[in-house]
Amino acid sequence: MEHIEDCLNFYLGKAYQRVLQVTRQRLAPFGVTSGQYAVLKVLWERDYQSGADLSERLLLDSATMTGLLDRLEHAGLIERRPHITDRRVNVIALTARGRDLQEPLDHELELINQEFLSSFTTEETKLLRHMLTTIASGGRTTLTLKPSESP
């Protein structure tokens, strides 16, 4: 590699920093971080999941997930409840306040996505999502795009 710009890590890191900075600013009024939004988003899709299920879906280790859940619980957005049939497991349930944030947070993230992707064609956006998914999954096929997002 001749220059730092030839290193994949350089531009992926810069892109990550930029997206994270904008997302942090735009989510701050709601008192939610991008990681917390990800957990809420998965719970809006299907409430009452275990922390392990959420960790697997979001590709996060258990310590990171525990921290996210602690902060969401402290903010009154989720609560931990005993599993109905397995008392060794807690399930994560949205509170009314957590459910109420779905529309405004989804709207804000949609605007952020549009802002960052507006210079790409639909096909380029699909390809970008596919490439990032492939990198994030380590080349495994466990992460999949929705059919409408396939390249």
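**A core and a helix pair**

Guide: The largest nonpolar core has 22 residues, and Val39, Leu40, Leu54, Ile78 and Leu105 have the most contacts inside it. This is a predicted model: local features need pLDDT of at least 70, side-chain atom pairs count only at pLDDT 80 or more, and totals for chains, interfaces and linings use all residues. Residues are numbered from 1 along each chain as its sequence is written, and side-chain values use heavy atoms, without hydrogens and water.

Visitor: What makes a set of residues a nonpolar core?

Guide: The members are buried Ala, Val, Leu, Ile, Met, Phe, Trp, Tyr and Cys residues, joined through side-chain atoms within 4.5 Å. Buried means under 20% relative accessible area, with a 1.4 Å probe and protein chains only.

Visitor: Which residues is Leu40 in contact with, leaving aside neighbours within four places in sequence?

Guide: Val32, Leu72, Leu77, Ile78, Leu94 and Leu105. Contact means heavy atoms within 4.5 Å.

Visitor: Why is Gln21 called partly exposed?

Guide: Its relative accessibility is 37%. Partly exposed lies between buried and exposed, and exposed means over 50%. So Gln21 counts as partly exposed. Gln21 lies in helix H1, residues 8–27. Helices are DSSP runs (H or I, at least four residues), numbered from the N terminus.

Visitor: How do H1 and H6 pack?

Guide: At an angle of about 150 degrees, with their axes 11 Å apart. Axes are lines fitted to C-alpha atoms, for helices over the stretch in contact, and angles run from 0 to 180 degrees between N-to-C directions.

Conventions: Helices (H or I, at least four residues) and strands (E, at least two) are DSSP runs, numbered from the N terminus.
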